[in-house]
Each structure stands twice: as structure tokens, then as C-alpha cells.
Amino acid sequence: VDEAHCISQWGYDFRPSYLKIQLLRELLPDVPVLALTATATPKVVEDIQDKLTFREKNVLRKSYFRENLIYMVRNVEDKLNYMIQSVQKAKGTGIVYVHSRKLTRELSELLQKNKVSADYYHAGLSGKSRAAKQEDWKTGRTRVIVATNAFGMGIDKPDVRFVINFDAPDSLEAYFQEAGRAGRDGNKAYGVLLFNNSDKLKLQKNVTKTFPEPEV
């Protein structure tokens, strides 16, 4: 079971089918089950084992520390120009993560105008279109993909040299997951987070909207 954190993270509402994976245990009782994930809090680790009806707790864990990955946080007001210049200077392929579907298209077109091979990706595209864009990026026909967090699940492209978070992720787990798609070949890679004061305000507003007071 790959990307096993989804069982706990999305299984209860967004993707209830994840919670049905354990039914395979009943249909195939003699088949061993291995759950894999790159990011899981201790609570999620417990939840995965519980939901997959592990007979006994058994966790094999590697360190989260990635010595080849360089994390950079940049407080910049003009994120657009900083992003363009960073991509132009950077070597190899990369991902630029944004929150909105509209922005994926706008930033990819902006990169193209600045002579960078780029495309966009989000969950609103057809399955055929998503598969083609993903394949172009994986095979090197597209150098940079601008995407929402719908991109990257299960992708293990070894030579990603940079991941730029144009918008601040919603959580540390999401940030670690997205930035961690860089440098899977063990060579030096960069995770760059761009933010400014308006991003701080947006994040605080999102938390208030997502978790209203009990009275509300």
C-alpha cells in the first residue's frame, strides 16, 4: 500500500475508498501487507496500522534527515521575478507548487515566455491530459512543471534538482512531502519556499476558516 498516509489523511472524508483497502486482508488472508509512506506523524503511523488491521505493531523507520537536500526560505515581495530568475539559474528539472489551478497555467505561460520549457498540472484536467503532461516531465521533454499538490503522488523521478513552493503549504507535513520530491538520486538538490507578509495572513485566515470556534 503506497502513499499509506492517505488512509489516515483523506480516508475519512475526501477519499473513503482508502479505508476499504483493509477488505483485501479478508479476501487474501495469506498475503503479507506492507504500508509505505514518506511522511507520517506518530499518530498517522498508528492510524495506518489500525485501519489496515495489522495483527501486531511493526514499524520500520528511516530518519527524515536528507543531507543532500538544501532548504531555502526566502522572504520576497516580488515572488514572480524571484521564481523566474531561480528557475533560469537552476540546473536540471524541477517542480513549482502553487495553490490555485489558475496560477498553474499563468506561471507556466510566464516561464515559457522567459524561454523555460514548462507545463502545468492540476486535478481539473482530464486523466489523459494529466498522464501526458506527467510523462513529458518524467522523460525530460518538459523541464519544469507548475502544479497544485495534486501532482507528485507516487512520483519517484530521481533527478529533480529543485522544488519551489511559490505558495506556502498548509502544513509542515505537506511542505516536507513536496520539497522532498527533489534529490531522490542522492545528489544535491534545493527546496525553496517563497513567502511574504500576505502569505502569513492567508495562512492564518485559512486556519480560522478551516477550524472555526465550536460555537460557530
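Which residues of α3 are buried? They are Val44, Val45, Asp47, Ile48 and Gln49. Buried means under 20% relative accessible area, exposed means over 50%, and partly exposed lies in between (1.4 Å probe, protein chains only).

## Basis of the model

This is a predicted model, in which local features need pLDDT of at least 70, side-chain atom pairs count only at pLDDT 80 or more, and totals for chains, interfaces and linings use all residues. Residues are numbered from 1 along each chain as its sequence is written, and side-chain values use heavy atoms, with hydrogens and water left out.

Helices (H or I, at least four residues) and strands (E, at least two) are DSSP runs, numbered from the N terminus. The cover over the buried residues of α3 includes α1 (5-9). Contact here means heavy atoms within 4.5 Å. Just after α3, Thr53 takes a positive phi of about 50°.

A salt bridge is a side-chain nitrogen of Lys or Arg within 4 Å of a carboxyl oxygen of Asp or Glu. Asp47, Asp50 and Lys51 are linked in a network of such bridges. Glu46 meets Lys57 in a salt bridge (3.8 Å, N to O). Glu46 lies in helix α3 and Lys57 in the loop between α3 and β1, so the pair ties together parts that are 11 residues apart in sequence. Glu46 is partly exposed, at 41% relative accessible area. Lys57 is exposed, at 53%.

## Other salt bridges

Side chains of opposite charge can pair when their charged atoms come close. The structure holds 10 salt bridges. One of them joins Lys79 and Asp167 (3.9 Å, N to O). This pair links distant parts of the chain: Lys79 is in helix α4 (residues 79-89), Asp167 is in the loop between β5 and α7, and they are 88 residues apart. Lys79 is buried, with a relative accessible area of 8%. Asp167 is buried too, at 11%.

Lys157 and Asp159 also meet in a salt bridge (3.1 Å, N to O). Lys157 is buried, at 7% relative accessible area. Asp159 is partly exposed, at 34%.

## Aromatic pairs

Rings of Phe, Tyr and Trp (its six-membered ring) pair if their centres lie within 6.5 Å; planes under 30 degrees apart count as stacked, over 60 as edge-to-face and the rest as tilted. By this rule there are 3 aromatic pairs. The rings of Tyr71 and Tyr175 have centres 6.0 Å apart and planes at 55°, so this pair is tilted. Tyr71 is in strand β1 (residues 69-75) and Tyr175 in helix α7 (residues 172-179), so the pair links distant parts of the chain, 104 residues apart. Tyr71 is partly exposed, at 36% relative accessibility. Tyr175 is buried, at 13%.

Tyr121 and Phe151 form an edge-to-face pair, 4.8 Å centre to centre with 65° between the planes. Tyr121 lies in strand β3 (residues 118-121) and Phe151 in the loop between β4 (144-147) and β5 (160-165), so the pair ties together parts that are 30 residues apart in sequence. Tyr121 is buried, with a relative accessible area of 7%. Phe151 is buried, at 0%. Ring pairs link Tyr121, Trp137 and Phe151 into a cluster.

## Charges over rings

A charge sits over a ring if NZ of Lys or CZ of Arg is within 6 Å of the ring centre and within 35 degrees of the ring normal. The charged end of Lys79 sits over the ring of Phe166, 4.9 Å from its centre. The charged end of Lys133 sits over the ring of Tyr120, at 3.8 Å from the ring centre.

## Asn165 in strand β5

Asn165 is in strand β5. Asn165 is buried, at 1% relative accessibility. Leaving out residues up to four places away in sequence, Asn165 touches Tyr97, Tyr175, Glu178, Val192, Leu193 and Leu194. The C-alpha atoms of Asn165 and Ala179 are separated by 7.8 Å, with the two residues 14 apart along the chain.

## A nonpolar surface patch

Patches are made of residues with over 30% relative accessible area and no salt bridge: like charges are joined within 9 Å, nonpolar side chains (Val, Leu, Ile, Met, Phe, Trp, Tyr) within 5 Å. Accessible areas come from the Shrake-Rupley method with a 1.4 Å probe; for residues, only the protein chains shown count as cover. Leu24, Leu27, Leu28 and Val31 form a nonpolar patch on the surface, with about 390 Å² of accessible area together. Leu28 is in the loop between α2 (23-27) and α3 (42-51). Leu28 is partly exposed, at 46% relative accessibility.
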